[in-house]
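Please keep the sequence and the model in view while reading.

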Amino acid sequence: MADLLPVERALSIVLESTPILPFEQVSAGDALGRWLQEEVRAGHDYPEFDKSLMDGYAVLSADLRRDLRPLRVIQEVPAGIDPARLKPVVPGTAARIMTGAPIPPGADAVLIVEETEPVPGDPDAIRPKSGVAPGASLARRGADVRRGEVLLAPGEFIGPGEAGVLAACGRTRVTVGGLPRVSIIATGDELVESETVPGPGQIRNSNGPLLRALAGRAGARARYLGIAADSETALRRMMEDGLRDDVLVLSGGVSMGTHDLVGRVLRALGAEIAFESVAIKPGKPFTFGRRGGTLVFGCPGNPVSTYVIFQVFARAALRRMMGSPTPAPAPVGGVLATPVRQRPGRAGYYQARALWSGSTYEVQVLPTSGSADFVSCARGNALAIVPSGVVSLAAGDAVELVLLDDHEDR
């Protein structure tokens, strides 16, 4: 195992080889799931006027400190009204006001409707049930944001909240990182597509759809090229097509067998191979290289190995291409609910379920029959990391995790 490349070094090589794609301007509606590449500042105060936070009555708080005499209702203030049209509130009066409506001149508090009662026989008056402090149930101009304040900084991930900020700012276009184009090839004479009933010795191709889904969830434009037979001619034809994109991902054909042709064909096509094995379990036979501006990830054929290699290495490269400041987010801590054993020499990245307990992640490493156990890819939401020199961890021991939901690790 001494000649195997450590995971950390392999990841460094991948990221050092990965270009950041040119930025582009897109509509705000198309910016979701991308990384912002410009500063967004507030064009005005938020709110732009003193506004009510509740349905009730705009009042002078001093009126309610002396006694709780009835107040004359002089106007109704709906949301959206021009503040210039409002009458001032003077002692002994109140304005019926709706949530979000501007505060009339003179008023310094909102008495919520639940703290009032009608005056019998006088529909234009209300009787307060309680006093109210100055500033109650209202927001002053600029309470949320001041004009010129930085609302979103370069490198921020644009999720639903950020999309709302852009809308509030009136930003209809925004600069974001580019979208990588990813080509996907599955290799192997034994493979047939999902709609085909496998014949003797054949299996359905799960890696192609798996990789396409992983690339799409990472934010890339994924293109599935199909199954390449175990021949140099078939591989070369598909690879030449895939090498036109930013990233080419292959599954299978990267081990030491006579039909493992990926490395040989890549070299024949002019690709520079950075490494062909990593001290990771599962996924040791992993080929990474580059031809021009195209990165190549040659994943093992077993589905779990393909899944792990993509999540640890290819996803990080795609995030860097898209302008993420944290392409490989730092692992988070958790506590094992189940013990783990492994042979030393390779870092284990095990399928796991991580549940937040309120103070930490409780981590259950999922039982599996091996790296061909494709069902385990659907059951985990994290990878539990066991360092290469560790033979066993007991229940209750600390463990590091790679979270697999892209919305959790911006």
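**Helix packing and nonpolar cores**

Asn 302 is found in the loop between strand 21 and helix 7; helices (H or I, at least four residues) and strands (E, at least two) are DSSP runs, numbered from the N terminus. The model is a predicted one, in which local features need pLDDT of at least 70 and side-chain atom pairs count only at pLDDT 80 or more, while totals for chains, interfaces and linings use all residues. Residues are numbered from 1 along each chain as its sequence is written, and side-chain values use heavy atoms, with hydrogens and water left out.

With a relative accessibility of 35%, Asn 302 counts as partly exposed, a class that lies between buried (under 20% relative accessible area) and exposed (over 50%), for a 1.4 Å probe and protein chains only.

Two packed helices are described by the angle between their axes and the distance between the axes. Here axes are lines fitted to C-alpha atoms, for helices over the stretch in contact, and angles run from 0 to 180 degrees between N-to-C directions. Helix 4 and helix 7 have axes that come within 10 Å and cross at roughly 25°. Helix 4 is therefore roughly parallel to helix 7, the term for angles under 35 degrees. To this contact (heavy atoms within 4.5 Å), helix 4 brings Asn 207, Leu 210, Leu 211, Leu 214, Ala 215 and Arg 217, and helix 7 brings Pro 303, Thr 306, Tyr 307, Phe 310, Gln 311 and Leu 318.

Helix 7 (residues 303–321) also packs with helix 1 (residues 7–17), at an angle of about 30° and with the axes 9 Å apart. On the side of helix 1 the contact is made by Val 7, Ala 10, Leu 11, Val 14 and Leu 15, and on the side of helix 7 by Val 312, Phe 313, Ala 316, Ala 317 and Arg 320.

In soluble globular proteins, nonpolar side chains tend to be buried together. A nonpolar core is a set of buried Ala, Val, Leu, Ile, Met, Phe, Trp, Tyr and Cys residues joined through side-chain atoms within 4.5 Å. The largest nonpolar core has 44 residues, of which Ile 280, Phe 297, Phe 313 and Tyr 349 touch the most other members. Among the elements that give two or more residues to this core are helix 1, helix 4, strand 21 and strand 24 (347–356). Helix 7 gives the most, with twelve residues. Neighbours within four places in sequence aside, Ile 280 is in contact with Val 7, Val 308, Ile 309, Val 312, Phe 313, Arg 346, Ala 347 and Tyr 349. Apart from this core lies another, of 17 residues, including Ile 185, Leu 225, Met 238 and Leu 243.

Most residues other than glycine have a negative phi, and most peptide bonds are trans. Between Lys 281 and Pro 282 the peptide bond is cis, with omega near -5°; Pro 282 lies in the loop between strand 19 (280–281) and strand 20 (287–291). Tyr 46 and Pro 47 are also joined by a cis peptide bond, with omega about -10°. Ser 137, although not a glycine, has a positive phi of about 55°.

Terms used
Angles under 35 degrees count as roughly parallel, over 145 as roughly antiparallel, 65 to 115 as roughly perpendicular and the rest as oblique.
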